[in-house]
Amino acid sequence: MIKKTVLLLLLTALLLAPALQAQTKNSVYSMFGIGQVIDDSYGINQSFGGAGIAFQSGRFINHANPASYLGVLPHSFIAELGAYGMLNRSESNQSNQHSAAVNINYFSMGLYLMDRWSASAGFVPYSYIDYEIHSQDEIGGELTTYKKVFKGTGGMSKVYLGNAVQLIKGVSVGANIAYIGGPITQTESAAASGSFSGYQLKTERSAYGLCFDYGLQASVPLREWVYSIGLTYAPAKSLTTDNERTFTYDNKTSKLEKDRTQDIRLPQRLGIGVALRHGNRWRAGADYELSKWSEIDFSNPVLSTRNSQRISAGMEFVPGAKGKGAGIFSWRLGGRYKSTYMEISDTPIDAMAVDLGMGIAINPVFNFNLTLEYGREGTLSSHLIRNNYLALYVNYSLHDFWRRRNYY
């Protein structure tokens, strides 16, 4: 029965995988560069504010560090699916608008292979583009105005395969190989008005390539506590890019250009995390991550790139845990602050969020994780836009144990 349920979850995720290429989060700042980059904050990591470089996987997969896969429970297979719902309010000094979205977030698997060796694979989002801006302009030489709409959709997703091995007791290393790619569509359209018949300028772009990232974790037990440190590294990578632009005017469409070049690059990324744990009742951790976006130029006169920095911290308390077992409920609290890679008109774009999470272990097979997040990005300075959002993240994992052990 368990194997059939896990297989059903896997098939469902494969059918829904295309949805991962269109994460809907409604942000005007996703119009720049490759859009809004999503940190490795899926599933349980979301509850910790994105922290997890020094945490190990367990009942849920920790995506923050490939070395963490070694924490997959012995003699088990995990299938995990995540989704979210979001309410967003975008405001400027002149107006505001509201939006809502519900979408599939990710799918991942973890597998205990043997002592000192575990693996993980899955589909996760990398970046998203989702915005719609309305404005007005005037027809030259006339008093007539017309409406303009700037719209963007798409983003890049990541399909990864990772392995983690134990070097010596308390020290593990891991690596991911990932295919990153996806479509980006951006349009500028003007409605017909008076003698003006309107137009549409459409840019279609796709980027793809293989990427690698690496991780290390080390833990030292001291009395009833376990102290851990984690390191991650991802080298810079150029992605192959296809571009096509079309211009439609008076019901006639013309291709403006089409090229294939490696003009999208992903930055070098380094991270460090620390954590401490007291049995299975309490744990806490904090991360610092640096992404060297300042070395990448998107050739946009409005956008300047800078190094992106993220600070995340979170903690978990399991009131029902005893000895080596796990309680039915676990409570989590986390937060993060991030300086994004964007400077718009010389104004830095920063983001912050706080998270409240709850884990529900129904039995050794079925596990839920719920995270309520409130976040803010952007600023009202320099006539820019500030986004405020409230999101509910839900992820669900199924375990298949081929050798039973008492985990409660």
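Modeller: Helices (H or I, at least four residues) and strands (E, at least two) are DSSP runs, numbered from the N terminus. Ser118 lies in one of them, strand E4 (residues 117–138). This is a predicted model: local features need pLDDT of at least 70, side-chain atom pairs count only at pLDDT 80 or more, and totals for chains, interfaces and linings use all residues. Residues are numbered from 1 along each chain as its sequence is written, and side-chain values use heavy atoms, with hydrogens and water left out.

Colleague: What does the protein contain in helices and strands?

Modeller: Two helices and 18 strands. Buried residues account for 50% of its 408 residues.

Colleague: Why is Ser118 called buried?

Modeller: Buried means under 20% relative accessible area, exposed over 50%, and partly exposed in between (1.4 Å probe, protein chains only). Ser118 has 1%, so the label is buried. Its contacts (heavy atoms within 4.5 Å), leaving out residues up to four places away in sequence, include Tyr69, Val72, Leu113 and Ala164.

Colleague: What makes Ser57 buried?

Modeller: Its relative accessibility is 5%, so Ser57 also passes the buried test. Ser57 sits in the loop between helix H2 (44–47) and strand E2 (76–91). Beyond four places in sequence, Ser57 touches Asn62, Ser68, Tyr69, Gly71 and Val72.

Colleague: How close does the side chain of Ser57 come to the backbone nitrogen of Asn62 — what is the distance?

Modeller: It is 2.9 Å.

Colleague: Why is Leu87 called exposed rather than buried?

Modeller: Leu87 has a relative accessible area of 54%, so it clears the exposed limit. Leu87 is in strand E2. It also belongs to a nonpolar surface patch with Met315, Leu333, Val354, Leu356, Leu372, Tyr374, Leu390, Leu392 and Val394.

Colleague: What makes that group a nonpolar patch?

Modeller: Patch residues have over 30% relative accessible area and no salt bridge; like charges are joined within 9 Å, nonpolar side chains (Val, Leu, Ile, Met, Phe, Trp, Tyr) within 5 Å. Together the members of this patch have about 860 Å² of accessible area (Shrake-Rupley method, 1.4 Å probe; for residues, only the protein chains shown count as cover). Strand E18 (386–401) gives the largest share, three residues.

Colleague: Which residues have the most contacts inside the largest nonpolar core?

Modeller: Tyr29, Ile34, Met156, Leu266, Met342 and Ile344, in a core of 21 residues. A nonpolar core is a set of buried Ala, Val, Leu, Ile, Met, Phe, Trp, Tyr and Cys residues joined through side-chain atoms within 4.5 Å. A second, separate core has 14 residues, including Tyr69 and Ala164.

Colleague: How do you know that Glu188 and Lys148 form a salt bridge: what is the N to O distance?

Modeller: A salt bridge needs a side-chain nitrogen of Lys or Arg within 4 Å of a carboxyl oxygen of Asp or Glu. Here the N to O distance is 3.5 Å, so the pair qualifies. Glu188 is in strand E6 (residues 171–190) and Lys148 in strand E5 (residues 145–168), 40 residues apart. Lys148 counts as buried, at 11% relative accessibility.

Colleague: What makes Arg336 and Asp355 a salt bridge?

Modeller: Their closest N and O atoms are 3.7 Å apart, so this pair meets the limit too. Arg336 is in strand E15 and Asp355 in strand E16, 19 residues apart. Asp355 is buried, because its relative accessible area is 2%. Arg336, at 18%, is buried as well.

Colleague: How many salt bridges are there by this rule?

Modeller: The count is 13. Asp39, Arg269, Glu289, Arg310 and Lys338 are linked in a network of them.

Definitions and conventions. A polar contact is a pair of N or O atoms within 3.5 Å; within protein, one must be able to donate a hydrogen and the other to accept it, and residues adjacent in sequence count only if both atoms are side-chain atoms.
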